[in-house]
Amino acid sequence: MSQEQAAPGSRGRHAGPVTVGPPSMAAQRAALAGRVRSLLAACRAYPLAAAGALILIAIAAFCFGGPLVYHTDQVHVFLSQANLSPRAGHPLGTDGDGSDELGRLMVGGRVSLEVGAAAGVLAAVLGSMWGAVAGYFGGLVDAAMMRIVDAAIAIPAVVLLLLLISIYRPSTAMLVLVIAGTSWLSTARLVRAEALTLRMREYVQASRVMGSGGLRVILRHIAPNAMSTIAVNVTFQVGNAILILATLGFLNLGVVFPSVDWGDMISAAVQTIYDGYWWQILCPGVAIVVVIVALTMLGDGLRDASSAEDAGNGPDAVAVSVARAAQALPGRR
Amino acid sequence: MTAYLARRALQAVVVVLLVTIIVFGLIRLAPGGASASLLGPGSAHQEFLAEYLTWLGRVLHGNLGRSDRLNETVGALLATSLPRTLVLTGFSTAIALAVAIPVGLVQAVRRNTAVDHVLRALTFICYGMPAFVLGSLLILFLAVDHHVFGAEGPQAPGIVGVITDVRDLTLPVLTLSLVTIAIFARYMRSSALDSLAQEYVEAARARGAGPRRVLGAHVLRNSLVPVVTLLGLSLPQIIGGALVVESLFNIQGMGWQIWQAAVNRDFPVTLGFTLVIGVAAAVGSLLADVGYAALDPRVRHAQS
């Protein structure tokens, strides 16, 4: 999320007025104001994306900054404090071990966000590379690479994950690899479709005529031009990775104790579901849904923004975004 | 059309073979002599290819292996668990389609109105809500707080008992269909928006066709074609969802068996079931393409 915020700022720095010597205070302030103004204009143009980004920043602040303000003991077990309903001192109640639910949400969220972001970005990078190579080279290479994707996508991701995890019982780092290793497939399909059209463009042809090799064309022309598609896909992949991690946690196959994620919290709460401790399910459940919805909003907004850039702000923009949405789904050839 | 289908069927065969190679490669990776337990003693040091072919031959003869933990063949486990999963996924997919198609159509026709925004927000939330969160909340409110439905799935031994146990079957089916509705409705909305923007819709309006005819004969018909594809392609997702729902509601279907086998490192069961699901999904995607070709005249009458 920090990158989302940093991007317009860094662009502004390079585009700033050329002055000799150190810029005056007034010029600096004007440049800053200009940057803020362009950021605000972008937020106004794409309220959905801006709202999504704001929610994500708030959640990250809650998970990473929260424990600095709100001190709780998430290590020891206090059975005398177990399963308390929300009250003064424990605004969201406590869980079966007597840990404060609000503090646990912060600790669990940290794992969910870290693993989700790492696995999601890794999956998007892996998938983009695979798809770009397949789409650019085409022919037999493309057919072979995409059949592998077809085969791997035919096995449900959760099933493949269960299989891998029952073999390896992975650490948190391995979890990132395993989640990314099972979810890059949809990105590969998406970027391949993009690369197939990009390789026909004049500038790509020109670059090849001038003697560029495949790697150079992919890195200098295909990847940058597919970037808007990839950026939208990253938001999807991160959300997907958070969902997968939570699902694994729910199935007791996620991060290993004493680490905890939001899925683990729900899994523990389901064990005592007949006792009606609703806060133990509702709190992590709402947290997961809010993160996923925020990521979806950000992704949809980014897609609208990138297709508006391509097609101008008109009815065409809608058609393009629809076409892209259709592409994003596990598509036919 | 015939050439297209032949090429597509050949692709499906290749994909199915790749699925078996992936699954078999994973057997070989598994530590603790898992492949020996699968292939019998004396086979541990064979070449990969020879071992693969032996295994493939057995699978083709219907021998998926044997679970020492449960003392049953994988085939017998499949025979008892498959019908439960089919009941669960079949009912929920049917309900999901029945709800998602009108919802997506209404959203597309009333695009950017209050109706669209409310429905879009609802599908957003269902889309972001994992099946186990939704299911747990439904159990909490409808089974524990108010005793409307059962908290567990049907536990009857026979399949007839499962279907007739409406009280226990409702919550699992509801959970899985709500999650599926979100996927289908989002797709249906963009598909219908796509159809609405086409020239034949404008032409139909220009000819004086009423809104009912434009929607029914032109928009709905043409938006449904991609949904057929989606149905075939979402098979892995639906089965993945069924795995979670079965675990939560304690339904001894295929997903539950895979989960238990994974937790207990019962490799013959995980691998046998994964293989069956992978092949089913590859065939589903082939059938979806055949359906697409049959429904879309542009594909049906294409020369190539």
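Predicted model: local features only at pLDDT ≥ 70, side-chain atom pairs only at ≥ 80, totals over all residues.
For chain A as a whole, the mean pLDDT is 76, with 84% of the residues at 70 or more. Residues 1-16 of chain A also have pLDDT below 50, and the model gives this stretch 15 contacts beyond near neighbours in sequence.

The contact between the chains draws on 45 residues of chain A and 53 residues of chain B. On the side of chain A that touches chain B, at least two residues each come from α5 (139-154), α6 (157-168), α11 (227-250), α12 (262-271), α13 (278-311) and α14 (315-328). This side of chain A comprises 36 nonpolar residues, six polar residues and three charged residues.

Within chain A, one helix pair is described here. Two packed helices are described by the angle between their axes and the distance between the axes. Helix α4 (residues 101-137) of chain A and helix α10 (residues 214-225) of chain A have axes that come within 11 Å and cross at roughly 110°. Because angles of 65 to 115 degrees count as roughly perpendicular, α4(A) is roughly perpendicular to α10(A). The crossing of α4(A) past α10(A) is right-handed. From α4(A), the contact involves S128(A), A132(A), V133(A), Y136(A) and F137(A); from α10(A), it involves G214(A), V217(A), I218(A), I222(A) and A223(A). Eight of the residues in the contact of α4(A) with α10(A) are nonpolar and two are polar, with no charged residue.

Methods
Residues numbered from 1 in each chain as written. Chains lettered and ligands numbered in written order. Contact = placed C-beta atoms within 7 Å. Helix = DSSP H or I, 4+ residues; strand = E, 2+ residues; numbered from the N terminus. Nonpolar A, V, L, I, M, F, W, Y, C, P; charged D, E, K, R; others polar. pLDDT = per-residue confidence, 0-100. Axes fitted to C-alpha atoms, helices over the stretch in contact; angles between N-to-C directions. Parallel < 35°, antiparallel > 145°, perpendicular 65-115°, else oblique. Left-handed = near helix turned anticlockwise from the far one by under 90°.
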